[in-house]
Amino acid sequence: EYEVANGSVVVGKNHWAPIKKRDGEIIGVVCFIEDVSENKGSIKQLLNEKNSLDHNMESLSFYDQLTGVYNRRFYEKELAHMDESQQYPLSVIMMNINGMSKINYDYGHAVGDILMRKAVQVLKYGVRGDDVVARYEGDEFVILMPRTEGAKVERALERFRKNMNEIKVQSLKVSVSFGFATKYDESEKIEQVVAAALKQLERQK
């Protein structure tokens, strides 16, 4: 929106174009504003473009830039969403990539980042459509598996470990630890289930 000389407000659409020299060098830019106040179609298009941009920006804020999986913010949102009877038994799996600090120190962060991305890819492509894989913090990742109890989780972990064993970056192989816990009914608090998964993870490290 723009305020014009007489004090009224108009809806304007910006148009930008570069000013170029003959050799193609850009030496400036010209902008003109199209008054679309009376054009309902243009106003609707502008609003749609803004809403689309806002939605895309919000979606990007849910992803971890390094690994491409969801981040802690999205995990917490989905955990609250899944904490209902239709999703029980709800299993929470915690995974830690062991020795990342030493790998980063000895081989550099570039190698460490590649190793982490490869390990996370195993999780990302080894889960079902309703499962959620997210970066919990640092070298720890979390998987939410709705309608999945202990025996099925164990089978999933065996599959993850087998595929992890095939990962190799330079002379390095990935080492991971898992911990999990399952919520079976409403009497259990989801925070206690997550804490139990983390406690088991610490014992496995």
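Predicted model: local features only at pLDDT ≥ 70, side-chain atom pairs only at ≥ 80, totals over all residues.
An α-helix has 3.6 residues a turn, so residues three or four places apart point the same way.

Helix α6 covers residues 190-204, and its 15 residues reach 21 Å from the first C-alpha to the last, close to the 21 Å expected at 1.5 Å a residue. The expected span is 1.5 Å times one less than the number of residues.

## Basis of the description

Residues are numbered from 1 along each chain as its sequence is written, and side-chain values use heavy atoms, with hydrogens and water left out. Local features need pLDDT of at least 70 and side-chain atom pairs count only at pLDDT 80 or more, whereas totals for chains, interfaces and linings use all residues.

## Overall composition

The protein chain holds 6 helices and 10 strands; helices (H or I, at least four residues) and strands (E, at least two) are DSSP runs, numbered from the N terminus. Of the 205 residues in the chain, 37% are buried. Among contacts between residues at least 6 apart in sequence, 61% join residues at least 24 apart. The accessible surface of the chain comes to about 12900 Å², of which 50% belongs to carbon and sulfur atoms. Accessible areas come from the Shrake-Rupley method with a 1.4 Å probe, and for residues only the protein chains shown count as cover.

## Helix α4

Helix α4 (residues 109-124) has 16 residues and reaches 22 Å from its first C-alpha to its last, close to the 22 Å expected at 1.5 Å a residue. Its buried residues are Val 111, Gly 112, Leu 115, Met 116, Ala 119, Val 120, Val 122 and Leu 123. Viewed down the axis of α4, they fall within an arc of 165°, so they line one face of the helix.

## Aromatic pairs and charges over rings

The structure holds 5 aromatic pairs. Rings of Phe, Tyr and Trp (its six-membered ring) pair if their centres lie within 6.5 Å; planes under 30 degrees apart count as stacked, over 60 as edge-to-face and the rest as tilted. The rings of Tyr 70 and Phe 74 have centres 3.8 Å apart and planes at 15°, so this pair is stacked. Tyr 70 is partly exposed, with a relative accessible area of 25%, whereas Phe 74 is buried at 10%.

The charged end of Arg 159 sits over the ring of Phe 160, 5.7 Å from its centre, and Arg 72 lies over the face of Tyr 136, at 3.9 Å from the ring centre. A charge sits over a ring if NZ of Lys or CZ of Arg is within 6 Å of the ring centre and within 35 degrees of the ring normal.

Glu 78 lies in helix α2 and counts as buried at 14% relative accessibility. Not counting residues up to four places away in sequence, Glu 78 touches Val 132 and Leu 144. The C-alpha atoms of Glu 78 and Leu 144 are separated by 8.5 Å, although the two residues are 66 residues apart along the chain.

## Backbone features in loops

Most residues other than glycine have a negative phi, and most peptide bonds are trans. The peptide bond from Tyr 88 to Pro 89 is cis, with omega near -5°; Pro 89 lies in the loop between α2 and β5.

Arg 147 has a positive phi, near 55°, and is placed in the loop between β7 and α5. Arg 147 is partly exposed, with a relative accessible area of 37%. For Gln 170, phi is likewise positive, near 55°. Gln 170 lies in the loop between β8 (168-169) and β9 (172-173) and is exposed, with a relative accessible area of 57%.

Technical notes. Buried < 20%, exposed > 50% of the residue type's maximum accessible area, 1.4 Å probe, protein only. Contact = heavy atoms within 4.5 Å. Arc of directions from axis to C-beta.
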